[in-house]
Amino acid sequence: MELLEGERLIWHGYRAWRSQIGFLLTWGLVAILPAVAGIAIQGSGVDPRWIGLTMVMLAALIGVAVVRRFWVHYAVSERRVHLRRGIAARSVQTTNLGRVQNLNLRQSLLDRVLGIGTLDFDTAGTGESDSDFAFDGIADPAGLQQRVLSAMGSDDSSGL
């Protein structure tokens, strides 16, 4: 995010690594299936090809998790909310902080345990996806919510 003259960055970051736990566990179980199948088919001893395939799948899974983490970059300044998607090809959304009407925090039980959540910036406008600014899987979403509310001139976290 390029800052304008006199603009100060409040926060910037990516999805927290902890937000990848569900993805890694789910697909990690799928990735170990070749080794499990090799054991089931051969009984004693495992063919190294099954282990090799499992290792390749686990490496690919970790690669996908890294890409998923850095796919979206979030930033909030004193004036703007900025969301950038993509690595090679990019999509950038920016809106003025003054257009934010509601700042909603969502956390599932697992999110609360992991200390992550989603901060959703509802903006004035058409309600289309272009006005959808959700910072998904961020660490300490309540802290960011308080910082944004302070920047907006409101210390009330229950609403704007």
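Two strands pair if DSSP finds at least two bridges between them, and the elements themselves are DSSP runs, numbered from the N terminus, with helices (H or I) of at least four residues and strands (E) of at least two. This is a predicted model, in which local features need pLDDT of at least 70 and side-chain atom pairs count only at pLDDT 80 or more, while totals for chains, interfaces and linings use all residues. Residues are numbered from 1 along each chain as its sequence is written, and side-chain values use heavy atoms, with hydrogens and water left out.

Strand 5 and strand 6 run antiparallel and are joined by six bridges, and asparagine 102 has aspartate 122 in strand 6 as its bridge partner.

Another open sheet has four strands in the order 1-2-3-4, again with antiparallel pairing, and here strand 1 and strand 4 (91–96) are the edge strands, each pairing on one side only. Strand 1 and strand 2, which run antiparallel, are joined by four bridges, and the bridge partner of leucine 9 in strand 2 is serine 77.

Which residues touch the most other members of the largest nonpolar core? Such a core is a set of buried Ala, Val, Leu, Ile, Met, Phe, Trp, Tyr and Cys residues joined through side-chain atoms within 4.5 Å; buried means under 20% relative accessible area, exposed over 50%, and partly exposed in between (1.4 Å probe, protein chains only). Among the 18 residues of the largest core, Phe121 and Phe135 touch the most other members. At least two core residues come from each of strand 1 (9–13), strand 2 (72–77), strand 3 (80–85), strand 5 (100–106), strand 6 (116–123), strand 7 (132–139) and helix 5 (141–151). Not counting residues up to four places away in sequence, the contacts (heavy atoms within 4.5 Å) of phenylalanine 135 include Trp11, Val81, Leu119 and Leu144.

A search of the whole structure finds five aromatic pairs. Rings of Phe, Tyr and Trp (its six-membered ring) pair if their centres lie within 6.5 Å, and planes under 30 degrees apart count as stacked, over 60 as edge-to-face and the rest as tilted. Tyrosine 14 and phenylalanine 70 form an edge-to-face pair, with 4.9 Å centre to centre and 75° between the planes. Because tyrosine 14 lies in the loop between strand 1 and helix 1 (21–31) and phenylalanine 70 in helix 3 (residues 48–70), this pair ties together parts that are 56 residues apart in sequence. Tyrosine 74 and phenylalanine 135, in contrast, are stacked, at 4.4 Å centre to centre and 25° between the planes; tyrosine 74 lies in strand 2 and phenylalanine 135 in strand 7, so the pair ties together parts that are 61 residues apart in sequence. Both tyrosine 74 and phenylalanine 135 are buried, and Trp11, Tyr74, Phe121 and Phe135 form one aromatic cluster.

The loop between strand 1 and helix 1 also holds arginine 18, which is partly exposed, with a relative accessible area of 37%. Arginine 18 and alanine 139 are 121 residues apart in sequence and 8.2 Å apart in space, C-alpha to C-alpha.
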